[in-house]
Amino acid sequence: MRALSWCGGLALAASVLAFPFLVNAYWLSVGVLAMFYAIVTASWALLAGYAGQFSFGHMAFVSLGAYTSGLLVKWFDIPVPLGMAAGVVVCAVVGSGVGFVGLRMRGPYLALFTVAFSEVLRIIFVSEVEITGGSGGLEVTPLFHTRSDMPSYYLGVVLLAASLAVMLALVASRWGLFFRAIRENEDAAAAGGVKVMRFRVLAFAIASAFAGLGGGYFGHYIGILTPDIGSVDQMGLVVAMAVIGGAESIIAATIGALGLEFLVEALRSYGQWRLVLFGALLLLTMRFARNGLLALAWEQVRRVDRMRTSRRAREVGE
Amino acid sequence: MTDYLLIQALNGLTIGIIYAVIAAGLTVIFSILRIVNFAHGEIYMMGGYFSYFAIALFGIPPLLAVIAAMLTSFALSILAERTLLTPLYSPTTERKGDYGILVTFGISIFLRNLALIIYGPYPLRPPSFFAGALIAGPLIMTWDRVFAGGAGIVMLAALIWFMQRTPWGEALNAVSQSRESAAIVGIDDQRFYMLAFGLGGALAGGAGALVGPIYSLSPSMGLIPDTQAFAIVILGGMGSVAGSILAGLLIGISESMFIALFPDPSRSLTYAQAFSLVILMIVLLVRPTGLFGRVHTAME
């Protein structure tokens, strides 16, 4: 079994690295967007799946990171990486602020609060036309002045790999254990000596920082930012990606995001039906395979494997 | 200026009644099923369209169309509840709160985007209930608004009568107080979860049908009233129908005052949308149990 998962991981990594050489320019740009959604979805899975804080304001942090970086680069002419770093810092600070005021709220109250936060931020970005360009969009300095998307793609791969490494190290550490303890039962965690307040705020700040990183990357790649990136429908897409992959595992959520983004583009000719389809898929997954389709598939593989082992054991026994 | 403010206050009053109807539906659902229904605004939107198509396709008179919209919203809600929400009642479901949030959020995404395909993105305006306007001295108010306000009051009164004076209403109340005790005295709770979700949906759909001729219909029309309804439900105290009615009026009037008094008219309409959201955030921060909250309906 272990060998199988190693082989799967290696095959995935190899196909991700070789991807730009196998496809045309259009699918390469899809690949770039897939990297963006993967970073955002993985960090949402960290916040909602691991730490149990259902935030529907995650895309608001994406847009906050994107606008912060875009505007700073535009106003002060600083290098793009510096702008993106500033976006990450702003998101971490605002995220810990939202996490802090959200401390007294649980479950649905926090979800409501973050929806409201997200919509207020979007309305501000739409209304303050002099600063953000409103719905018309804000022109953002591109990351690379090349015609090919190849550098952007590999940057995305590096950012995703680094984000995943940090998040996976985090959930494997004691902090990850605290996050899960708080998710399962806050009072019991507190009684067990977990500093619930500190770790709830921390989870929010970290996840928001990654959302800001994703936002900065997206903004400087796409070149024109509109407030729509922070809309509830975009949030729905990210939630669908995480849940369909498996929101309680960062890797599963990432694979869900990559898979669904390609599915989105493959279904492009069906236009509007896509979000309906993902809504339906999200509902079906929640209803029948709550741990995500990947966990379901993995379970099947393991069952087949177990059957084969036991049959072999029986044959040996005979 | 005072006339203008008075007209705005009256408009706010009628809209406040509509908000109260939406919020009362949300409260019924919340107090029985113990979930925050993120799809409530989308049922409201569907109700508006149901009424429109009842008029446009079948030639039903506008008044009956409101009732038809309520019935279809009732049926749609029950369909959603039976197919998707039953795991909420099963003892083997872990973290039911999370399940409720994600599933109702998924329903809202699904319905909104389905509506976008079926009805198209362009706003539709159903015909008026009554043409013309009520003119009393300096005050002008369209008959549609007067009718919407009146019909909203009838719906709220019917709800209160139903909840307090009928056996089914009493059973709903019993389930909201304690599922176990209700089961002990022989109340089949499954039936009443269904009824509560359907009833909440019917109220939302009815509100959508009433609003149609005043604002127009669009697939995303449910987003803002949804958060307004949340603000109202929480301000009024989770689970308190009377509290939601008072809070609905309060928010309706203060919102139209905000629009009337906002210094920069070019932004007043977009920021008016943010108004209720900010109220919601403040209420959640300062007084999450609301003004008239009942202890036993606190969220787990």
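Start with Arg34(B): it has 21 C-beta neighbours inside 10 Å, so it counts as buried. Keep in mind while you click around that this is a predicted model.

**Stop 1: Arg34(B) and its loop**

With Arg34(B) still selected, look at the backbone. Its phi is positive, about 60 degrees, although Arg34(B) is not a glycine. To place it, show the loop between α1 (2–33) and α2 (40–58) of chain B, which is where Arg34(B) lies.

**Stop 2: Asp77(A), for contrast**

Now hop over to chain A and pick Asp77(A). Here too phi is positive in a residue other than glycine, with a value near 60 degrees. Is Asp77(A) buried or exposed? Asp77(A) counts as exposed, because it has 9 C-beta neighbours inside 10 Å and the cut-off for exposed is 12 or fewer. You'll find Asp77(A) in the loop between α3 and α4 of chain A.

**Stop 3: the helices on either side of that loop**

Select residues 58–76 of chain A for α3 and residues 80–101 of chain A for α4. Their axes come within 8 Å and cross at roughly 140 degrees. That angle makes α3(A) oblique to α4(A), and the crossing is right-handed.

Want to see who touches whom? Colour Phe61(A), Leu64(A) and Leu72(A), which are among the α3(A) residues in the contact.

**Stop 4: α3 and α8 of chain B**

Back to chain B. Select residues 62–85 for α3 and residues 189–211 for α8; these two pack at an angle of about 140 degrees, with their axes 7 Å apart. So α3(B) is oblique to α8(B). The crossing is right-handed. In this contact, 15 residues are nonpolar, nine are polar and two are charged.

**Stop 5: into the core**

Next, which residues touch the most other members of the largest nonpolar core? Select Ile22(B) and Ala196(B): that core has 196 residues, and these two touch the most other members.

Zoom in on Ala196(B) and show what surrounds it. Leaving out residues up to four places away in sequence, Ala196(B) touches Val28(B), Ile29(B), Ile32(B), Leu33(B) and Leu172(B).

**Stop 6: α9 and α10 of chain B**

Select α9(B) together with helix α10, residues 241–261 of chain B. Their axes come within 8 Å and cross at roughly 130 degrees, which makes α9(B) oblique to α10(B). This crossing is right-handed. On the α9(B) side, the contact uses Gln228(B), Ala231(B), Ile232(B), Val233(B) and Leu235(B). Sorted by class, the residues come out as six nonpolar, three polar and no charged.

**Stop 7: where the chains meet**

Finish by showing both chains together. How many residues of chain B are in contact with chain A? There are 33, and they meet 34 residues of chain A. To see which helices are involved, select α4 (96–119), α9 (223–235) and α11 (265–286) of chain B, each of which supplies at least two residues of the side that touches chain A. The most comes from α4(B), with 15 residues. Colour this side of chain B by class and you get 25 nonpolar, six polar and two charged residues.

Definitions and conventions: Residues are numbered from 1 along each chain as its sequence is written. Chains are lettered from A and ligands numbered from 1 in the order in which they are written. This is a predicted model: local features need pLDDT of at least 70, side-chain atom pairs count only at pLDDT 80 or more; totals for chains, interfaces and linings use all residues. Two residues are in contact if their C-beta atoms, placed from the backbone, lie within 7 Å. Helices (H or I, at least four residues) and strands (E, at least two) are DSSP runs, numbered from the N terminus. Ala, Val, Leu, Ile, Met, Phe, Trp, Tyr, Cys and Pro count as nonpolar, Asp, Glu, Lys and Arg as charged, and the others, Gly among them, as polar. A nonpolar core is a set of buried Ala, Val, Leu, Ile, Met, Phe, Trp, Tyr and Cys residues joined through C-beta atoms within 7 Å. A residue is buried if 20 or more other C-beta atoms lie within 10 Å of its own, exposed if 12 or fewer, and partly exposed in between; C-beta atoms are placed from the backbone. Axes are lines fitted to C-alpha atoms, for helices over the stretch in contact, and angles run from 0 to 180 degrees between N-to-C directions. Angles under 35 degrees count as roughly parallel, over 145 as roughly antiparallel, 65 to 115 as roughly perpendicular and the rest as oblique. A crossing is left-handed if the near helix is turned anticlockwise from the far one by less than a right angle, and right-handed if clockwise.
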